[in-house]
Amino acid sequence: MELDMAADELKAALNRLRRAQGQLAGVIKMIEDGRDCEEVITQLAAVSRALDRAGFAIIATGLQHCLTEEPEQTGDRDRLRARLEKLFLSLA
């Protein structure tokens, strides 16, 4: 499945990923500075949620694309369903 997203959808996903990248840099700096463990974990959880949201946005867009261009054969639908299920589970 190709990453075929409209420009605005791609921009939103990229913004989320860039935000997570900045948050991760902050977590690394916190660890290097010897910050409190609880603060580090809180920020790390925020990074994880940002990545999950970006991943789900990309998968949702892929689902929308797949539904508008439905595979013609049942075997193709079954393979597509299995691939999409695997993608969702990879973020769970």
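1. In this predicted model, D33 and K29 form a salt bridge, with their closest N and O atoms 3.1 Å apart. Side chains of opposite charge can pair when their charged atoms come close. D33 has a relative accessibility of 47% and therefore counts as partly exposed. K29 has a relative accessible area of 46%, so K29 is likewise placed in the partly exposed class.

2. How many salt bridges does a search of the whole structure find? The search returns two. Besides the pair described above, E39 forms a salt bridge with R35, and here the closest N and O atoms are 2.7 Å apart. E39, at 35% relative accessible area, is partly exposed.

3. The secondary structure of the protein chain should be read next. The chain has three helices and zero strands. Along the sequence the pattern is α-α-α. Helix α1 covers residues 7-32, and helix α2 covers residues 37-68.

4. Which residues make up the nonpolar patch on the surface? The patch is formed by L10, L14, L17 and L51, and together these residues have about 290 Å² of accessible area. Helix α1 gives the most to this patch, contributing three residues.

5. L51 deserves a separate remark. This residue lies in helix α2. Why does L51 count as partly exposed? Its relative accessibility is 42%, and a residue is called partly exposed when its value falls between the 20% limit for buried and the 50% limit for exposed.

6. Contacts and burial may be considered for the chain as a whole. Among contacts between residues at least 6 apart in sequence, 65% join residues at least 24 apart. The protein chain has 92 residues, and 20% of them count as buried.

7. The final point concerns the surface. The accessible surface of the protein chain comes to about 6900 Å². Carbon and sulfur atoms account for 54% of that area.

Notes
Residues are numbered from 1 along each chain as its sequence is written. This is a predicted model: local features need pLDDT of at least 70, side-chain atom pairs count only at pLDDT 80 or more; totals for chains, interfaces and linings use all residues. Side-chain values use heavy atoms; hydrogens and water are left out. Patches are made of residues with over 30% relative accessible area and no salt bridge: like charges are joined within 9 Å, nonpolar side chains (Val, Leu, Ile, Met, Phe, Trp, Tyr) within 5 Å. Accessible areas come from the Shrake-Rupley method with a 1.4 Å probe; for residues, only the protein chains shown count as cover. A salt bridge is a side-chain nitrogen of Lys or Arg within 4 Å of a carboxyl oxygen of Asp or Glu. Helices (H or I, at least four residues) and strands (E, at least two) are DSSP runs, numbered from the N terminus. Buried means under 20% relative accessible area, exposed over 50%, partly exposed in between (1.4 Å probe, protein chains only). Contact means heavy atoms within 4.5 Å.
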